[in-house]
Amino acid sequence: MQQPANPVATGTTFDAVYARLHQIAQRERKRLGARATLNTTALVHEAYLDLCKNTEPESIRNFYGYAARAMRNLLIDAARQRLAAKRGGQAHHTDLDAAARQASEHDAVQAIELDAALRELAAAEPRCAQVVELHYFAGLALEEVAKVLALSLRTTNRDWQFARAWLRHELTP
Amino acid sequence: MAPLSTLRRWFEHCLDLPDGERANWLAQHVGDAGDRARVERMLAAATAPQGDSFDEEISVRIGRLQEGLDVPPDRIGRCYGAFRLVRELGQGGQAVVYLGERADGAFKQAVAVKLLRRGLFSAQDLRGFRREREILARLDHPGIARLIDGGVGEDGVPYLVMDHVDGTRLDAWLQAKELGTSARLALFAALCAAVGAAHRQLIVHRDLKPSNVLVQADGMLKVLDFGIARLLDEEDAGANTELHMLTPGYAAPEQVRGEPAMPAADVHALGVILRQILTGQSPPQRAGASWPSWPDATPRELRWIIERATQADPGLRYRDAAELGEDIERYREQRPVHAHPPGRWYRTRKFVARHRGGVGASALLLLVALLGFGSALWQAHVAREQAQLARTQADRAIAVRDFVDRMFDAVRDGRGRGEEPSMRELVASAGHALLRAPPHDAAMAVDLASLFADLAEASGDLALADELATQATRTADAELAPDEPLRIGAHALLGFVASKRENYARAEAELRPALAALDRHGLRGRPLLRALEGLEAVETMRGDRSADIRLARRDIDERIAAFGADNPAVGTGYVNLGSALEGIEEYAGADAAYTQALAFALAHHGEHNVATAEAQCGLASTRWRSGRWRSALELFRACAARYQALQHAPTQSEVYSLTKWCVLEGWMLGAHTDEACSRADAASTRVFAGDRDYAGESLQRRASAMIERGADYAHAEQMLEQARALYGDGPLNAMRKGRVDQLRADLLLVRGAFAQARAMLPEAISDLRERPYKLQPLLAQAQLLFACSQAPGPGCTNDLRTQVEQAQAPLLAWHHPQMLQVQVLLARVDLADHPRAAITRLQSAIADAAQELPATHPRLLEASLWLAAAQAQAGDCDAARQERAGTLAEVHAAALDKHPLVAKAAAAMTERCAPVTH
């Protein structure tokens, strides 16, 4: 049987995107300091340039799907680690630390709420959840989201409109 | 809470309405107050300006999260369980992997320590984690990397300790060595043996892929991360749709659907790996995408093996890795393999074989496939002149067929174990699959959604029909040209479904333009029939006699044109005509149309068929309304028995028939018989689950029967009040409210609360006039006239009497048993001053009603007692005494002395002929 030159070609995988994004985020974190806000769009863009140069449109679509999901996992994982650390309850803290820690825990809980709301949305309206993920977490404009998901802009807008209203309803106390 | 998809439907419907109409629409269509509030809040959120504080708030939330992306603590040197981390080996989406060694140095053991990114947040999480870990620890095979330990570290991070395997990824290794087919197959057989060992212990890997298979320097193979996918996965509610744990291309379809992974899921991944190993092709990354074609050199038997291993239906794959390994061995030994050339007929045969005995469902499957196939082929035919287009259409025909085939995967998987799916379940399964994942091709998406909306309507699942039809129009509007037949057809169907859901305004809004467009383009067939049928219902509602009949006749003509005069579908046309005529109280015509429909149904479908039951119930309904109660009762019993013999989920028209039957029994026997009413309740609960209007109707039916029976009137009054509170807005509910108020007025008149009844009745009359039926408003008018005679007051105009006389004139010819109630009321008005008129009135009404009612019906006895009273008032004491004595004897015999209506009439004998002895 004829053997092709490269018997096992590998595509862009979720793990690869996650690892690369994580690396870039950590580097930026070191560079900018602990409390700076990173530009997620820029991170995703950089990872894109690293991983997806010269690839077919299909892998590019995959990439953004993975990147949005990876960014979401990255952030939610970070929030969970924070809560887990709290549970660990090691070391002594000053009052000032305690206040900061409380604020940080509050953020973490809010993030996990957002994640949970998205999961619930994904269970019933998976496409809506994808639109949110791509828009909020990969920083894509709705026009770009439409392209990535191969949807009409009209459909994307409708999904977005519903998803946003629902999230707002879920997350607003 | 209603499902999210339902909330979405409501939400989007309201968005299209003007602000002012939303609250009203919601109040009318959304029963649950919580759901209403939810949708209202969502609407408020949606109408807030874009980029408002909420979007900012989300951005801030996401921004804050990044602060947690601290450089991870340097964990090198830390201990997890008995192991110390030595260096980082790699990062994955779910875990970071370190090289570890025994901390106590008791003996040298290199391990891989996996630190999970997810936390274990509850005691239950932790228990599940430990249980899984123990199961995996039992797995001991030279081809599988062992799980040595696992737990939660001091920092709260869950970890797993495994054999550290020093090897090369399978794909990279193959790339480096230039092995021949037989060496590759030997390696694959070893992989099957290792995975098969785990399958014997019912442990499934769940995430087999080349990067999880390492080849060591000695050429031995080790499988990593066995069962870890499950440990990593979060089993919360959303887990089913969480695809991130799955590797696209390798994961089996049932895993993608979120179903529990069985060994067959690993078989799927192994099949993909085998193809990769042999051909060098990469698996398609996207669901629905296909592999490149087979390289010519791939042996046929190996193709069969791979195709069998990667079947979409897990039941058609090899049972487990061992069985797949055996077929590979057979090939290597040049024996015939067990795998067959796969094909759709092979699969269909399999499916039919597994559902043997369930001819109906299997036939439906084929029917559905053929319908889809047929409509696409028809399109291909139309486009014959344009060769290019025809090719596209033919491709679509095949795609449609495959899609339909795929849609039944869930049914095959779930029902393969001997249970026969009902038609409703099959359609629901396919319909939901379509809603979840519509085909990419817009025309095909519209075509299929319309087809299944039609089937869902036929199977009685109106909510699903509505969702599918809505999706079809939405896609059609976004993607297809305005005069595209599919787009027009989708709107016709949506309108038709809306008419079935009694949303007549929406039905009309969809159907008028759809019918105009169909006519403009000369389009006939199914969409036209749907449009006609839906508009007929609209016109019936509106009471536009001529338009309705015109439509119904055209409907029959179209059916004859489309199917031929001798086709069963024409019978449906007669049912529609019958219902149109019945709707405008043209009972002779309706009777003839239904009789025709019944003859058609019996000739074409036989006794046991929905069409036969529907036609018969239609006839029953017409006779019921026109006052031929005895015949109606018999027909209702017969058609209800037919429905029951069919043993399928109740349809809407079945519910209507059962409720009419129940009402009729309530009236005729004065008793709320169990069968009719309990079946009506059960069926309407299934078809209109949670619908408040139907809950109200059920209460109303029971109260109405209680009135006839003379049971606890106080309780009946309460039930009627409850029923009224349940009804929403709209003309149908106006009619229902009118009827409730009329029944309440009945009770008020019995207990002498005339002013109260008088105050309530004018509105009831106008409510009852919302529908074309003439008898109920007449009854309410007679009640008002009587209340006014007892307690004059506002609303008691002088011409009331004339109005009642005029309204009743055309109805007298019907000899309707309910006219008895009208005549009793009028006779009581006349009793004091015109007893002779009262006598004539009562005698003729009693004679009519006695034809249809049982001889001891309380209404008959009541009327006879009033007749005696009128005779006494007129001075015919002998006749009065005789009438009274005879009636009272019957009252005693029937134990109706305490019936309030009867008792009241019995007490009314005036003193002129007293004393009366008997």
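Q: Where in chain B is B:A908?
A: B:A908 is in the segment after α40 (900-906) of chain B. Keep in mind that this is a predicted model.

Q: Is B:A908 buried or exposed?
A: B:A908 has a relative accessible area of 19%. The cut-off for buried is under 20%, so B:A908 counts as buried.

Q: What does B:A908 touch, leaving out residues up to four places away in sequence?
A: With those left out, B:A908 touches B:W866 and B:A869.

Q: And how far is B:A908 from B:A868?
A: Along the sequence, B:A908 and B:A868 are 40 residues apart. In space, their C-alpha atoms are 9.1 Å apart.

Q: Another alanine, then. Which helix holds B:A782?
A: B:A782 is part of helix α34 of chain B, which covers residues 775-790.

Q: Buried or exposed? I mean B:A782.
A: B:A782 is buried, because its relative accessibility is 0%.

Q: What are the contacts of B:A782?
A: Not counting residues up to four places away in sequence, B:A782 touches B:V804, B:V822 and B:L825. Take B:L825: B:A782 is 43 residues from it along the chain, and the two C-alpha atoms are separated by 6.3 Å.

Q: Let's zoom out. How many helices and strands does chain B have?
A: Chain B has 40 helices and 9 strands. Of its 918 residues, 55% count as buried.

Q: What about contacts between residues at least 6 apart in chain B?
A: Of those contacts, 62% join residues at least 24 apart in sequence.

Q: Now chain A. What is its secondary structure?
A: Chain A comes to 7 helices and 0 strands. Read from the N terminus, its elements run α-α-α-α-α-α-α.

Q: Which residues make the contact between α10(B) and α12(B)?
A: On α10(B), B:V267, B:L270 and B:L274 take part. On α12(B), the residues are B:A321, B:L324 and B:I328.

Q: Which parts does the pair of A:Y136 and A:W160 tie together?
A: A:Y136 lies in helix α5 (residues 126-137) of chain A and A:W160 in helix α7 (residues 153-171) of chain A, so the pair ties together parts that are 24 residues apart in sequence. A:Y136 is buried, and A:W160 is buried as well.

Q: Which tryptophans of chain B form a cluster?
A: B:W624, B:W629 and B:W667 are linked into a cluster by ring pairs.

Q: What sits over the rings of B:W294 and B:Y318?
A: B:R275 lies over the face of B:W294, 3.6 Å from the ring centre. Over the ring of B:Y318 there is the charged end of B:R308, at 4.5 Å from the centre.

Q: Last topic, backbone angles. What is phi of A:A150?
A: A:A150 has a positive phi of about 55 degrees, although A:A150 is not a glycine. Most residues other than glycine have a negative phi. A:A150 is in the loop between α6 (142-149) and α7 of chain A, and is partly exposed at 44% relative accessibility.

Q: And what about phi of B:E502?
A: Phi of B:E502 is near 65 degrees, again a positive value in a residue other than glycine. B:E502 is found in the loop between α20 (485-500) and α21 (504-520) of chain B. At 22% relative accessibility, B:E502 counts as partly exposed.

Note on methods:
Residues are numbered from 1 along each chain as its sequence is written. Chains are lettered from A and ligands numbered from 1 in the order in which they are written. This is a predicted model: local features need pLDDT of at least 70, side-chain atom pairs count only at pLDDT 80 or more; totals for chains, interfaces and linings use all residues. Side-chain values use heavy atoms; hydrogens and water are left out. Helices (H or I, at least four residues) and strands (E, at least two) are DSSP runs, numbered from the N terminus. Buried means under 20% relative accessible area, exposed over 50%, partly exposed in between (1.4 Å probe, protein chains only). Rings of Phe, Tyr and Trp (its six-membered ring) pair if their centres lie within 6.5 Å; planes under 30 degrees apart count as stacked, over 60 as edge-to-face and the rest as tilted. A charge sits over a ring if NZ of Lys or CZ of Arg is within 6 Å of the ring centre and within 35 degrees of the ring normal. Contact means heavy atoms within 4.5 Å.
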